[in-house]
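User: I have a chain open and want a quick walk through it. Can you take my questions as they come?
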Amino acid sequence: MEVQINKHLHTRQIIGIFPVLELNVDDVDVPLKNPHVTYLDIFFLISSIIMHIVDMTIDINLAIRYLLSNKLTYFAWTIVLIFLPSFVNVIISRRMQCQDDKENATSSHYKSKCIYAMLTKKSYCLIVVLFQLAPVLRYYQTLKYALNAYKSEKRGDRTNQRKYYLQMIKEDQDVALLRVFECFLEAAPQQILQLTILLKNYHSDINIEFIHQVASILSSLGSMGWAMASYHRSIRLAQQDKLNIDVTGTVLQFVWHFCTTVSRILSLSVVASIWPLYTAIGCIFHWISMTTWIIIDSHGVLEFCRDPNHAPHYSPKIKERIYSMLFSVVIGVVQVFIYFNAVDGSTFLKHVFFYIICFLENIIATVFWIYASSNEVKNSWYFNILIVLCIVPFLLGITAMIVYYSVFHPSLKNQNCIHT
C-alpha cells in the first residue's frame, strides 16, 4: 500500500537525504504514545546550538586571518562561502514560516514575537544573515518547547506536555532540514576551499594559519556529522505513519552518507589544488545537470514550493514554478556532494545512477591528481594517504548502504514479522 505524503511536514516534502521515509507499511510507531522529553533531547539541542556557533566563529576567524595576511582572494572566497549559504538558509526558513502561517492562520501561539520577527521581517534579515542565526533561532525555539514539555510532564499536565511535544517535533524537523542545507551549502564547500588552500600552500611547516585552517576543516566536518545525526533524530521522532529505524540502521545510514561525503570532498579538494578553474567548471557542469534532472523529475513543480491553499489538481501558478526552479538550483548544489531526492517515488535506480557518476568523478579526479602532482607532493607523507581516503571511504559508504537496504531496512523487518 502506498503511504500518502503528509503535506504539513516539511521533511516529508523533501524526502531524500536519508531515505528513512520511504517505507510502505501499515503498522506505525506513533511518538505521541509517549511524548517524553529526556535529558538527552535537551543535551542534543544545546549541543547543536554550540556546534553551530563554534563552526561559524572558527570560519569567520579564519577569514579575518586571511584578511590580516593580505590574502584577499582567500578572504573573499571564505566570506562568500560563509554568508551566501546563510542567505539561502534565511530564504528557505522564511518559506517554511510562510507555509506555517498559512496552515495555522496565526503564528503567535507557537513563536515568540522576537523570533517570529527575526524570521519574517525583511528589515531583520540582514542581522540573521550576518550572524547566521536562522538555525540558531529555530534551535532555540525547539529548546523552549522541549523545556516546556519537560516541565509540564513534571507537573503532571499531560495536555500541555503533548502540545509542547508536538510543537518541539515540528520545529525540530524544520531546523534539522535547515542544518542539512547549511551542511552541504556551507560546511562541505568550506572544507573543499580550505583543503585546497592547505594542499596548495602546505610545505611541511606548521604555523598559526595552518592551525586555523585545520580547525576550520575539523569544525566543518564535525558540524556536518552533527547535522546528519540531528536529521536522523528528528525524522525518527516525526514519523507517525512509518516504522522507526533502529540503532543499527541509523549507524549504517550515518556511515553511508558520511563516508561518501568525505570521499567526495577529498576528491574534489585534491584536484582543485592543481586545477581550481577546471574543477570549478566540472562542479558547475555537475550542478547544472543535477538541477535539470530535478526539474524534469518533478515536472517543474516541487511539493515544497506549492501554495498550501492552492488545490493540488489545479495547474501550478507561475510563482510556484519559479520557486520550484530556484529551489531546484539549491538542491542541485547539494547534489554535488550527496543524493537528495526531492520527488516522491522509488529511489533505487536514482541511487545507482547518482553514485556511479560520483564514483567515476572521484576516480578521475584522483587519477588526475596522481599524475599531475609535483614531485614534492608525491614524496610527501600525505600523498598515499589521500589517495586511499579519496576512494576507500566511498566504497565503505556504498557497502553500508547495501547492507542497510538488504538487511536492516525497517520495511524488510516488517515483512519478516508478517511472514513469521
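User: Is Asn 70 buried or exposed?
Analyst: Asn 70 counts as exposed, because its relative accessibility is 59%. The cut-offs: buried means under 20% relative accessible area, exposed over 50%, and partly exposed in between, with a 1.4 Å probe and protein chains only.

User: Before we go on, what kind of model is this, and how are residues numbered?
Analyst: This is a predicted model, where local features need pLDDT of at least 70, side-chain atom pairs count only at pLDDT 80 or more, and totals for chains, interfaces and linings use all residues. Residues are numbered from 1 along each chain as its sequence is written, and side-chain values use heavy atoms, with hydrogens and water left out.

User: Back to Asn 70. Where is it?
Analyst: Asn 70 sits in the loop between α2 and α3 (72-104). Its phi is positive, about 65°, although Asn 70 is not a glycine.

User: How many helices and strands are there?
Analyst: The chain has 15 helices and zero strands. Both are DSSP runs, numbered from the N terminus: helices are H or I with at least four residues, strands are E with at least two.

User: What share of the chain is buried?
Analyst: Of the 420 residues, 52% count as buried.

User: Helix packing next. What angle do α7 and α11 make?
Analyst: About 65°, with the axes 9 Å apart. Here α7 is residues 158-201 and α11 is residues 318-334. That makes α7 roughly perpendicular to α11. Axes are lines fitted to C-alpha atoms, for helices over the stretch in contact, and angles run from 0 to 180 degrees between N-to-C directions. Under 35 degrees counts as roughly parallel, over 145 as roughly antiparallel, 65 to 115 as roughly perpendicular, and the rest as oblique.

User: Which residues meet there?
Analyst: From α7, Phe 181, Phe 184 and Leu 185. From α11, Phe 327, Val 330, Val 333 and Val 334. By class, the contact of α7 with α11 has seven nonpolar, no polar and no charged residues. Ala, Val, Leu, Ile, Met, Phe, Trp, Tyr, Cys and Pro count as nonpolar, Asp, Glu, Lys and Arg as charged, and the others, Gly among them, as polar.

User: How do α6 and α7 cross?
Analyst: The axes of α6 (residues 134-155) and α7 cross at roughly 160° and come within 8 Å. That makes α6 roughly antiparallel to α7. By class, the contact of α6 with α7 has eleven nonpolar, seven polar and eight charged residues.

User: What about α10 and α12?
Analyst: The axes of α10 (residues 276-297) and α12 cross at roughly 175° and come within 13 Å. The two helices are therefore roughly antiparallel to each other. The α10 residues in the contact are His 286, Met 290, Trp 293 and Asp 297. The α12 residues in the contact include Phe 353, Phe 354 and Ile 357. By class, the contact of α10 with α12 has six nonpolar, one polar and three charged residues.

User: Switching to single residues. Is Ser 263 buried or exposed?
Analyst: Ser 263 is buried, because its relative accessible area is 0%. Ser 263 is in helix α9 (residues 247-272).

User: What lies 2.5 Å from a polar atom of its side chain?
Analyst: The backbone oxygen of Cys 390 lies 2.5 Å from a polar side-chain atom of Ser 263. Not counting residues up to four places away in sequence, Ser 263 touches Asn 362, Leu 389, Cys 390, Ile 391, Pro 393 and Phe 394.

User: And Leu 62, which residues does it touch?
Analyst: Gln 194, Glu 209, His 212, Gln 213 and Ser 216, not counting residues up to four places away in sequence. Leu 62 is in α2 (residues 39-68) and counts as buried at 0% relative accessibility.

User: Last one. Where does Ile 398 sit?
Analyst: Ile 398 is in helix α14 (residues 383-408). Ile 398 is buried, with a relative accessible area of 17%. Ile 398 and His 257 are 141 residues apart in sequence and 8.6 Å apart in space, C-alpha to C-alpha.

How values were computed. Contact = heavy atoms within 4.5 Å. Polar contact = N/O pair within 3.5 Å; in protein donor to acceptor, adjacent residues only side chain to side chain.
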